[in-house]
Structure formats: C-alpha cells, structure tokens
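Visitor: Please show me the structure. I would like to ask about it step by step.

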Number of protein chains: 2
Amino acid sequence: MSHRKVTSLEVAAKAGVSQSAVSRVFSGASASEKTAKKVRAAAQELGYRPNVLARSLITGRSRIIGLIVAYLDNQFYPVALERLSHALQEQGYHIMIFMASARGPDVDRVINELLDHQVDGIITASVGLTDALTERCEKAGIPVVMFNRGQQDRRMPEVTSDNLSGGKRIAEFLCAGGHERIGHISGWSGSSTGQDRAAGFAAGLRGAGSALIAQLDGMYSREGAVKAAREMVEVHKTDALFVGNDHMAFAVMDTLRGELGLSVPDDISIVGYDDVPMAAWAAYDLTTLRQPVNQMVSATVGLLMDMINGESTARKIQIQGPLVVRGSAKIPKG
Amino acid sequence: MSHRKVTSLEVAAKAGVSQSAVSRVFSGASASEKTAKKVRAAAQELGYRPNVLARSLITGRSRIIGLIVAYLDNQFYPVALERLSHALQEQGYHIMIFMASARGPDVDRVINELLDHQVDGIITASVGLTDALTERCEKAGIPVVMFNRGQQDRRMPEVTSDNLSGGKRIAEFLCAGGHERIGHISGWSGSSTGQDRAAGFAAGLRGAGSALIAQLDGMYSREGAVKAAREMVEVHKTDALFVGNDHMAFAVMDTLRGELGLSVPDDISIVGYDDVPMAAWAAYDLTTLRQPVNQMVSATVGLLMDMINGESTARKIQIQGPLVVRGSAKIPKG
DNA sequence: GCTTGGCTTGCAAACCTATGCAAAAGGCGG
DNA sequence: CCGCCTTTTGCATAGGTTTGCAAGCCAAGC
C-alpha cells in the first residue's frame with residue numbers, strides 16, 4: 001500500500017551520495033562509473049524512475065508534441081497518426097492528441113490547452129489556424145507544423161503533397177483515357193489542399209485541350225460527396241470524375257454503383273487522391289494519386305525537430321507522389 | 001521576442017496582491033470578487049496562463065490519461081479514439097497516446113513512459129497486459145481500464161460487449177437462415193474477445209442442433225482472414241461464415257467475391273462483429289453484431305473516473321449490442 | 001614536494017504553483 | 001464600541017528535479 005513515489009533523494013540516501021549525483025546519473029551528465037553503479041543499484045532496488053514533470057518544469061521542455069486532427073473517419077489520418085506516433089517516439093517525444101473540427105472554436109480552446117501543457121511543438125493535421133492563433137503560438141515560441149494543409153496568407157511551415165501537380169496529372173490521365181465530360185468533386189473549397197488540387201486539375205484539363213464540365217464541393221464528407229455524385233450524373237451527365245480524396249471517392253462509388261446502378265469504370269471513371277490502404281481493396285480497386293505518408297511524416301517530424309532546436313526557419317515542403325493506376329478508371333492505351 | 005513565460009508572481013505584482021491570491025483565483029479557490037477582478041485584469045494584460053506542469057507537480061495529478069491502442073487500421077479504434085477523446089476532454093482530462101502491437105515488448109516500454117509522465121490513469125484498447133505490468137501499475141496506484149479486451153486470470157477492470165451472447169445470437173441467426181455448413185474465422189485466439197465470441201458461437205450452434213464445420217484463426221488481420229477464407233471455401237466448402245470482426249469480414253468478402261468469384265450472400269453468407277461505419281457502406285452492406293461504442297466509451301471513462309476518485313473498485317462491464325441485419329447474409333423467413 | 005589541470009561531487013538556488021497556517025479584515029448582534 | 005464568527009489574505013513551505021559554482025580529489029609534470 002505504498003503508493004508514494006520514490007524520489008531521487010531517497011535513492012541518494014540509499015546509495016550514499018548526494019541527490020545531484022543521482023540526477024546526473026539519470027540525465028546522462030558526467031559521473032564516475034563507481035557512483036553510477038551505486039546509484040543504479042539503489043534505484044533498481046527502490047524502483048525509482050525520474051519524475052518527468054519535475055524535470056520538464058525545470059528544463060522548460062516537456063518533450064510532448066500536441067497533435068490536432070480533424071477527420072479520423074478518413075483512413076488517411078489514422079495511418080498518418082500511427083506513423084507520426086512512431087516517428088516522434090523515436091525522437092523521444094510523446095503525443096498529446098486532440099480531436100477538433102477542421103474549423104470552428106474547438107481549435108482555439110485546444111491550442112490554449114496545449115500551450116498550458118507547455119508542449120514543445122504542435123502538429124495540425126488538416127486543421128487550419130486563424131491568424132490570432134498563429135500569432136499566439138509564435139509569441140509563446142512554440143513551433144507549429146501544418147500537416148496536409150496549407151495557409152495561403154501566412155508563411156507558416158507546412159508539409160503537403162504536390163497538390164497542383166497531382167491534380168494536373170490526374171487531368172492528363174483522364175483526358176488520355178478518352179473522356180469527354182469530366183467533372184470534379186472537390187475537397188472543401190476553404191482548404192488549401194482542396195483548392196490546389198482543383199486548380200491543378202483545371203489547369204491540366206486546359207493543357208490537354210479539354211475543359212471542366214462541372215465542379216462541386218464535396219466538403220471532404222461522405223454526405224457531401226454523395227450529393228455531388230448524384231448531381232454530376234443526373235444533371236451534368238459526366239463520364240469521369242476526379243474526387244478530391246479517397247474517402248469521398250468511396251462514397252461516390254457506393255452511390256454510383258448502388259443507388260444509380262452504374263458500372264465503374266465502364267459507365268463512368270473515378271479517380272481519387274491519397275491512396276489510403278482501402279483503395280487497394282477489391283471492393284473499390286481505386287485509381288488514385290498517392291500521398292507518400294511516410295515521407296510526409298518524416299518531413300513533418302524533421303521540420304518540427306529543426307524548429308525546436310532552433311536550427312531552421314519556417315519552410316513549406318511539397319512531396320511528389322505517383323499516380324497509382326487500378327481499375328476504377330479507364331486506362332489509356334499504350 | 002519575449003518568449004519568457006509569464007508567471008503568477010508577475011501577475012501578483014501587477015495586480016498588487018500576493019502570489020497565493022493569483023493561484024487561488026485561477027484554481028477556483030475562495031477569493032473576494034474584488035481581488036479576483038484585479039487578478040484577472042492583470043493576467044489578461046500580461047497574457048498569463050497557469051503552468052500545468054507546476055500545478056501537476058504539486059497536486060500530484062497530471063490530468064493526463066495514457067491511451068494504448070494496437071490496431072488503428074481497424075476502423076473500430078479510430079472511432080473509439082475519437083469518442084474517448086471527447087469524453088475525457090469533457091472531464092478535463094487529456095490523452096497521451098501510444099501505438100503498440102497487441103503483444104510484445106512495446107507495451108512494456110510504453111507503460112514505463114506513461115508512469116514516468118505521472119498519468120492519472122491508463123486505458124488499453126485491445127491490448128493485453130502481462131501480470132508484471134499489471135502489478136507495476138497497481139503498485140504505482142494508477143488505475144487501468146481495458147477497453148474491448150479482457151484478461152481471464154486477473155481481476156482487472158474491463159469494458160467489453162457481451163461477446164458470448166453476441167456469438168450465440170449470430171449462430172442462431174445463421175442456423176435460422178438454413179445454413180448447413182457453417183464456419184468461423186475467429187479473432188486472435190489469444191485474446192479474450194476472440195475466445196468469447198468463438199465460444200458463444202459454438203454454444204449457439206449446439207443449441208440450435210448444428211455444429212461447427214471448421215474454425216480458423218484470422219489473427220484480426222486482413223492477411224490472416226484472406227488465408228482463412230480461402231481454406232474455408234476450398235477445403236471446408238462452407239456456406240456461411242461468422243468472421244470475428246468487421247475488419248476481417250471486409251477482407252473475407254473481398255476475397256470471396258474477387259478472387260474466388262462467389263456471390264454474397266447467394267453462394268455464401270457472411271456475418272461480422274463490431275458494426276463499424278464502413279459496414280453500412282453499399283460496397284459491403286455487412287450484417288454484423290453492433291458493439292455500442294458510445295456506451296462502451298461512457299462506461300470506460302466512468303469506470304476510470306471512479307477509480308481515480310477512489311470511489312470504486314475494479315469491475316467488469318459487459319454491454320449488449322443488437323444484431324444489425326443487412327444484406328451480406330441470408331435473412332431467415334418470418 | 002608542489003603546482004597545474006581535469007574530473008567528480010556536493011551545495012544551494014531555481015523552476016512555478018498549491019496550500020496549511022495564522023493574521024487580518026469584514027459583518028453583525030448586543 | 002466590543003466581541004465573536006466567517007471570510008479573505010499573505011507568508012512560507014513543499015513538490016522533485018536540473019544546474020552553476022566552488023570545493024575536493026587525483027594524477028601528471030617539474
């Protein structure tokens with residue numbers, strides 16, 4: 001029933017050294033092998049482990065990274081979360097996680113709580129920051145990296161895939177496939193990723209001598225995508241759709257095949273964006289542009305570490321991904 | 001460039017009161033409205049927010065809950081995570097998250113790090129604990145609740161669905177559907193959930209005068225499920241399968257329909273377990289037994305809070321869920 | 001043997017807040 | 001105006017660690 005925590009002082013007493021000696025042994029500072037041995041033995045016997053809270057209080061570094069994530073129903077984010085978790089653990093950091101809607105007041109409150117907890121850095125996954133928040137973090141000296149989302153006005157560090165190029169290559173692929181009536185169900189038009197993919201796609205169509213029949217905002221949600229899909233087919237008679245991410249693309253395919261009785265890709269071609277694991281499942285077999293999660297995560301963590309160590313200034317990183325051709329869209333000959 | 005944190009002492013100076021007064025205002029202790037006003041004004045002006053680390057150090061409560069989760073590719077867990085996050089935030093707690101394989105040495109290291117961080121409680125989602133770890137947590141006085149996983153030998157608090165009853169009802173449903181050759185692709189047989197569902201299923205079949213043709217371990221993974229599905233069809237000629245969770249059931253359906261060219265449910269019926277959102281998608285339309293995530297999360301958080309407040313002893317909670325009948329299994333007449 | 005220089009080591013202050021205790025202030029009836 | 005009771009306030013300590021500083025130790029070089 002001894003719930004009391006063992007302190008370095010008790011270890012010191014048992015080992016016959018000073019409390020500082022214990023501290024030095026456990027924080028990796030210089031100490032003779034002789035005392036280190038004594039200390040370790042005493043610690044082992046008492047079951048001592050350093051109190052991270054006290055350490056953080058004095059060093060001013062908590063080794064905690066705040067992670068804010070919006071959409072967990074989109075498989076891209078659980079996967080990213082898993083990778084981020086491992087990458088940060090390798091660097092000796094831990095994740096304090098928050099769920100927040102992409103916009104709205106949640107983010108405000110959440111950032112406050114993160115600052116209260118003295119986190120060493122913040123990663124926002126698909127979450128936008130208001131200027132006020134950005135400024136607040138800057139003033140607190142806490143680095144922020146935006147994962148898979150940009151911020152046009154502010155020069156905030158961010159890691160994304162090359163959305164412009166991606167959209168463009170998808171356009172070229174669909175044009176080469178001989179489609180005549182091409183539509184785009186975009187990601188939320190308030191997000192940089194949604195905008196960039198749409199812009200790249202439109203530019204690609206133009207470059208190939210084609211044009212966009214229609215563009216609807218799918219809001220990154222299944223409901224939005226379903227509604228848009230109906231309109232695309234019934235009103236605009238499209239024969240090909242670029243859908244702003246895989247998560248929506250699955251909803252679109254469900255709607256087309258189930259409710260509307262169409263065949264993919266015979267009646268209509270679908271291309272997504274992300275290449276989440278589910279895209280490879282037989283039920284969807286989705287042609288999509290891959291966002292290289294591993295590279296994006298590495299870049300994010302690397303950038304954050306640099307900023308924490310004061311080695312780098314804010315940067316924007318874009319990573320190219322390949323178009324993964326599967327069975328949901330007509331394949332150009334040759 | 002004033003990265004220095006504002007302390008309660010500075011606020012006190014500006015407000016013309018003592019540091020304790022500031023502390024009391026922000027920790028909700030008694031204070032006259034007059035001083036409270038002065039303090040809040042000064043704090044506002046300086047941008048002061050209490051340092052949670054220092055607070056935790058002295059109160060001995062960090063208001064952090066450690067969450068260990070194994071499978072993030074199974075949609076059940078992102079959903080649960082989201083709910084847990086919200087439920088805990090409502091109680092004023094925060095989540096420190098760790099990814100760990102269901103068994104193996106990860107868990108060991110992770111628990112240590114959680115203890116180092118002085119978490120107030122631990123939730124393990126589908127992760128088993130060795131006896132040594134259990135004991136360590138007990139000795140540290142840190143409550144642990146196991147979510148969606150039990151531990152047969154130890155009297156550790158846990159929250160699950162009623163897996164025995166669930167398995168039994170699925171068996172009855174399949175028997176009533178007129179199936180003759182019923183197989184079971186189980187969850188990992190080292191897990192209590194996997195065992196209980198299998199046991200309930202077998203009992204249900206016996207009760208209905210039927211018997212299990214074959215049972216194979218799908219290990220909760222897609223690969224395991226795919227392999228098992230092949231063997232079920234090719235070797236055991238099953239006409240109905242209960243698959244230990246939805247995540248595996250999707251893989252089974254992909255394999256049956258794609259690789260083996262079978263029709264579901266005409267050639268073979270499939271029933272899953274969990275009722276993740278994806279089960280309702282047209283591509284799968286999976287008949288499955290629902291695990292009521294909301295209730296399970298509420299129970300988990302409630303249990304943990306009780307334990308933290310010393311109001312309750314360890315308990316095991318089981319929650320009933322309905323069988324959600326969709327299109328992946330023959331529906332009994334009447 | 002004494003000086004010089006490099007490691008170790010202990011002392012004590014610092015990090016920032018919460019809180020027990022006693023003193024002060026405020027309210028109220030007599 | 002006084003005494004009594006309640007509330008508010010300040011003082012000082014505690015919580016567990018890191019770290020600058022100075023003292024101690026030991027070996028090497030003269």
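Visitor: How many residue pairs are in polar contact across the interface of chain A and chain B?
Guide: This is a predicted model: local features need pLDDT of at least 70, side-chain atom pairs count only at pLDDT 80 or more, and totals for chains, interfaces and linings use all residues. Side-chain values use heavy atoms, with hydrogens and water left out. A polar contact is a pair of N or O atoms within 3.5 Å; within protein, one must be able to donate a hydrogen and the other to accept it, and residues adjacent in sequence count only if both atoms are side-chain atoms. With both residues at pLDDT 80 or more, the rule finds 17 residue pairs.

Visitor: By class, which residues does the side of chain A that touches chain B have?
Guide: Ala, Val, Leu, Ile, Met, Phe, Trp, Tyr, Cys and Pro count as nonpolar; Asp, Glu, Lys and Arg as charged; the others, Gly among them, as polar. By that scheme, this side of chain A has 22 nonpolar, 14 polar and twelve charged residues.

Visitor: Which residue forms a salt bridge with A:Asp116?
Guide: A salt bridge is a side-chain nitrogen of Lys or Arg within 4 Å of a carboxyl oxygen of Asp or Glu. The count between chain A and chain B is two. Here the closest N and O atoms are 2.8 Å apart, and the partner of A:Asp116 is B:Arg49.

Visitor: What area is buried between chain A and chain B?
Guide: Buried area is the accessible area (1.4 Å probe) that two parts lose on being put together, summed over both. Carbon and sulfur atoms give 60% of it. The total is about 4500 Å².

How values were computed: Residues are numbered from 1 along each chain as its sequence is written. Chains are lettered from A and ligands numbered from 1 in the order in which they are written.
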